[in-house]
Amino acid sequence: SRVPLMKTTCWAEHITPQLYTALHRRTCSSVSTSRITTHYTIHPRDKDPRWEGVEMDRFVDEADVVIVGGGPAGLSAAIRLKQLANKHEKELRVCLVEKASQIGAHTLSGACLEPTAVFELFPDWKERGAPLNTSVTEDVFSILTETRRIPVPMLPGLPMRNHGNYIVKLGNVVRWLGEQAEELGVELYPGYAAAEVLFHDDGSVKGIATNDVGIAKDGSPKDVFERGMELHAKITLFGEGCHGHLAKQLYKHFNLRENCEPQTYAIGLKELWMIDEKKWRPGRVEHSVGWPLNRNTYGGSFLYHLNEGEPLVALGFVVGLDYTNPYLNPFREFQRWKHHPFVARTLEGGHRIGYGARALNEGGFQSIPKLTFPGGLLIGCSPGFMNVPKIKGTHTAMKSGMLAAEAVFPKVTAESVDSETAGLHVPEYAEALKNSWVWKELYAVRNIRPSFHNYFGMRSPYLSREHPHFVTGCARSVSGLDADQLKPAKDCTPIEYPKPDGKISFDLLSSVALSGTNHEGDQPPHLTLKNDDVPVSRNLAIYDGPEQRFCPAGVYEYVPLETGDGMRLQINAQNCVHCKTCDIKDPSQNINWVVPEGGGGPAYNGL
């Protein structure tokens, strides 16, 4: 049964400056004695007497290739591996694990798809029934002021021009890719979250372990406790998507980010609407920048008219996570944007049927880490192949998976493997990627996002089209970690957001309900804190608790202590839509997102 959403309150948005000062003094001196984090990654089970005598052996299985993540990259890699195996008449076992209950259930994107990689993977995509139903017929780009729209011509060659692309529900495309993979013989395991990287004695990757199930919220074993299983492979492909949980471990273990810039991110929020058919323009693509964001906050919007047999539009708002004001609330900025006259006229008389949110990579070319290491490699949005000015990463993610498969295949099928480590090292993948159109495309736009950080702010990407020195020459540095960008609350002005009207704009709780999010309630919160005291002593005291605003699902809220003396952080983990924003933007870097029980999370169903 579905776990009811926790009621959330944004305490900091309803207090006077005088009350804030009083509470600020009290919260700084109070220490929460209740344990927020009960997860075994913070509190090891070998030191917990409740786990004495519990059977901890795992079942072990072996494959030639294990793939983590059933998104566009992982599925493209799996498909290409089996295509090559069939072509060369080789036996090849490919296993793919996906944390969502169904393939595509956690997939969220705009999405205006550049189809290059789909066409390369399946030249007969039409005959196979690929769900590419809406070709782009009209491009509209705008700079918004509070009440007006300034049109920007979409000239040939500009990154935002979408001629030849398709408006899709990316979850449906991913589901279709899953069907193609299964037909080819790929073993798909949805509902199994990869929780741990396994290593050989020589330090190379051995495979992964799936998550344990049957653990109570207090961290103790239930009667139905069941250990996860180990999947070993000659090589493991990590395609977890943006800010992957295992990729973070691999970056540290192999020092993969030694020679690249920090990755930077944005949060994307999306809704699906059924609108008045008279306002429906199938194939129309609209993008905007400007209001309600100021010129020093990176972001923009999209509104796509789908042709799926119903008058549907997909709309969304993206905010760069390098923003500085802790009072900024991306969800409320999104809701406010919908009231712009140019946007509201499309939505009036319609009704909302879906909601979701996801972080996306924005570091671009400069932030790509080392991609290969003994026993594994990184593909897709996990290392970050998104073309930022295009706001597109599906085609590059798919191509990276295909190139990985082509590099891996000859080594995993060789009769005698010449490898210095137990896990295969395939540096040929990185070389193939550098010689592909993916590398050329990302290199060409490498300085557009970094050019935002100057006096002109959000206008810089548009000035760059007239002033080539903004985008040529050496790769510019990014601004640093998004977590380091927030200013103290005392140095910032609170933002007053209008109340939602229930017609165009909505509250957070009703929005999360539309995401289909469901977690087993009696499990340890998967939003873990390295130190339970830090949220109150630092985040609330210095930044006025920004996690209660940047989370798009109401997971974090500060509530009064039962004694009435100060505040405590409450984590409503069952609300989590797996966007990863908290792990990225937390100014203390105290939050560590780990996988919940497999099958939990949003159910976007093609959103």
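Residues are numbered from 1 along each chain as its sequence is written, and side-chain values use heavy atoms, with hydrogens and water left out. As the model is predicted, local features need pLDDT of at least 70 and side-chain atom pairs count only at pLDDT 80 or more, while totals for chains, interfaces and linings use all residues.

Student: In which loop is the place of H243?
Tutor: Elements here are DSSP runs numbered from the N terminus, helices being H or I of at least four residues and strands E of at least two. On that basis, H243 is in the loop between β13 (230-238) and α5 (245-254).

Student: Why does H243 count as buried?
Tutor: Buried means under 20% relative accessible area, exposed over 50% and partly exposed in between, with a 1.4 Å probe and protein chains only. H243 counts as buried because its relative accessibility is 13%.

Student: What distance separates the C-alpha atoms of H243 and D583?
Tutor: Contact means heavy atoms within 4.5 Å, and, leaving aside neighbours within four places in sequence, H243 is in contact with K248, Y265, K580, D583 and I584. H243 and D583 are 340 residues apart along the chain, and their C-alpha atoms are separated by 8.5 Å.

Student: Which residue has a side chain joined to that of Y265 by a polar contact of 2.9 Å?
Tutor: Y265 lies in strand β14 and is buried, with a relative accessible area of 9%. A polar contact is a pair of N or O atoms within 3.5 Å; within protein, one must be able to donate a hydrogen and the other to accept it, and residues adjacent in sequence count only if both atoms are side-chain atoms. The partner that meets this description at 2.9 Å is H243.

Student: Which strands stand at the edges of the seven-stranded sheet?
Tutor: Two strands pair if DSSP finds at least two bridges between them, and the open sheet has the order β6-β5-β15-β16-β17-β14-β18 with mixed pairing. Each edge strand has a single partner strand, so one side of each is left without a neighbour in the sheet; these are β6 (149-151) and β18 (351-361).

Student: Which residue of β6 is the bridge partner of I143?
Tutor: Strand β5 (residues 138-144) and β6 run antiparallel and are joined by three bridges. Within β6, the bridge partner of I143 is I150.

Student: At what angle do α2 and α8 pack?
Tutor: Axes are lines fitted to C-alpha atoms, for helices over the stretch in contact, and angles run from 0 to 180 degrees between N-to-C directions. Helix α2 (residues 72-87) and helix α8 (residues 394-412) have axes 7 Å apart and pack at an angle of about 35°.

Student: What is the handedness of the crossing of α8 and α10?
Tutor: A crossing is left-handed if the near helix is turned anticlockwise from the far one by less than a right angle, and right-handed if clockwise. Helix α10 (residues 437-444) packs with α8 at about 145°, with axes 10 Å apart. Whereas α2 passes α8 in a right-handed crossing, the crossing of α8 and α10 is left-handed.

Student: How many of the ten residues of α13 are buried?
Tutor: The buried residues of helix α13 (residues 534-543) are V534, P535, V536, N539, L540, A541 and Y543. The helix is thus mostly covered, and the number of buried residues is seven.
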